[in-house]
Amino acid sequence: MTGPDRLMAFGDGAPRASLPNMELIDAASAEFERVVRQLPADSWEWPTPSDISVHELIEHVVAGNRFTALLLEGVDRDEARTTLIGDQLGENPVAAVVESARLQAQAFAATPPGQPVAGPKGNIPAAAYLRFRLVDLVVHAWDLLRAARLDETVDPRTVIALLTMVEPHLEDM
């Protein structure tokens with residue numbers, strides 16, 4: 001397999017816990033990190049298309065990565081939320097992005113795709129939660145590019161792989 005196909009598992013259309021899906025979560029996380037690294041130093045308070053500041057959006061993604069890792073490890077939603085109260089970025093926001101992405105990727109790699117995960121509207125399979133997290137990473141990378149008035153191009157391979165994975169499930173998202 002080459003191109004986007006190499007980044008995804010096919011078959012019956014359901015994502016699989018596999019190296020290809022891990023490559024996609026790694027690619028989406030790397031793209032988000034790339035964008036954060038290129039943000040102008042004075043952009044932290046600028047508004048984003050998500051109606052929050054650049055700083056708040058980065059913190060949202062880092063908290064989401066950490067929250068996901070906790071849920072996949074079996075931590076209750078309320079307990080996970082409580083664990084993540086407070087500043088998620090610390091003194092080094094890029095390090096927080098990298099560390100939280102690593103935790104999330106490791107948790108997905110260790111989780112069977114059918115394992116129930118506590119979603120906002122009840123339990124969903126880990127494979128569905130993975131799709132949600134991938135969309136979050138890629139869309140918010142674009143949000144940051146737009147907010148900072150940078151070239152809004154998000155890695156096309158990652159976008160195509162994500163679209164191919166998510167498109168059959170759009171009604172469920």
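Me: Which residues of helix 5 are buried?
Reply: This is a predicted model. Buried means under 20% relative accessible area. In helix 5, that picks out Pro 93, Ala 96, Val 97, Ser 100, Ala 101, Gln 104, Ala 105, Ala 107 and Phe 108.

Me: What arc do they cover around the axis of helix 5?
Reply: The buried residues include Pro 93 and Phe 108. They sit on the same side of helix 5, because their arc around the axis is only 160°.

Me: How far apart are the end C-alpha atoms of helix 5, and what span should its 17 residues give?
Reply: Helix 5 covers residues 93-109.

Me: Where does Leu 130 lie, and how far is its C-alpha from that of Phe 108?
Reply: Leu 130 belongs to helix 6. Its relative accessible area is 7%, so it counts as buried. Phe 108, one of the buried residues of helix 5, is 22 residues away in sequence. In space, C-alpha to C-alpha, Leu 130 and Phe 108 are separated by 7.5 Å.

Me: What is the order of helices and strands along the chain?
Reply: The chain holds seven helices and two strands. Read along the sequence, the pattern is α-α-α-α-α-β-β-α-α.

Me: How many residues lie between strand 1 and strand 2 in their hairpin?
Reply: The two strands run antiparallel, joined by four bridges. The hairpin leaves two residues between the strands.

Me: Which residues make up the covered face of strand 1?
Reply: Strand 1 runs over residues 116-119. Pro 116 and Ala 118 form its uncovered face. The covered face is Val 117 and Gly 119.

Me: How much space lies in the largest pocket, and which residues are closest to its centre?
Reply: The largest pocket holds about 570 Å³. Its lining has 23 residues. Closest to the centre are Gly 119, Pro 120, Ile 124, Tyr 129 and Phe 132.

Me: Which element gives the most to the lining of the largest pocket?
Reply: Helix 3, strand 2 and helix 6 each supply at least two lining residues. By class, the lining has eight nonpolar, seven polar and eight charged residues. The top contributor, with seven residues, is helix 3.

Me: Which residues of helix 7 are buried, and what arc do they cover?
Reply: Helix 7 spans residues 156-166. Its buried residues are Thr 158, Ala 161, Leu 162, Met 165 and Val 166. They lie on the same side of helix 7, because they cover an arc of only 120°.

Me: What is phi of Asp 51, and what is phi of Arg 149?
Reply: Asp 51 lies in the loop between helix 2 and helix 3 and is exposed at 72% relative accessibility. Arg 149 lies in the loop between helix 6 and helix 7 and is exposed, with a relative accessible area of 65%. Asp 51 has a positive phi near 65°. For Arg 149, the positive phi is near 60°.

How values were computed: Residues are numbered from 1 along each chain as its sequence is written. This is a predicted model: local features need pLDDT of at least 70, side-chain atom pairs count only at pLDDT 80 or more; totals for chains, interfaces and linings use all residues. Side-chain values use heavy atoms; hydrogens and water are left out. On a 1 Å grid over the protein atoms alone, a cavity is a set of points where a 1.4 Å probe fits but cannot get out, and a pocket is an open set with protein on both sides within 12 Å along at least five of seven lines; lining residues have an atom within 4 Å of a point. Grid points are joined across faces, edges and corners, and a volume is the space filled by probe spheres set on the points. Ala, Val, Leu, Ile, Met, Phe, Trp, Tyr, Cys and Pro count as nonpolar, Asp, Glu, Lys and Arg as charged, and the others, Gly among them, as polar. Buried means under 20% relative accessible area, exposed over 50%, partly exposed in between (1.4 Å probe, protein chains only). Two strands pair if DSSP finds at least two bridges between them. The expected span of a helix is 1.5 Å times one less than its number of residues. The arc is that of the directions from the helix axis to the C-beta atoms.
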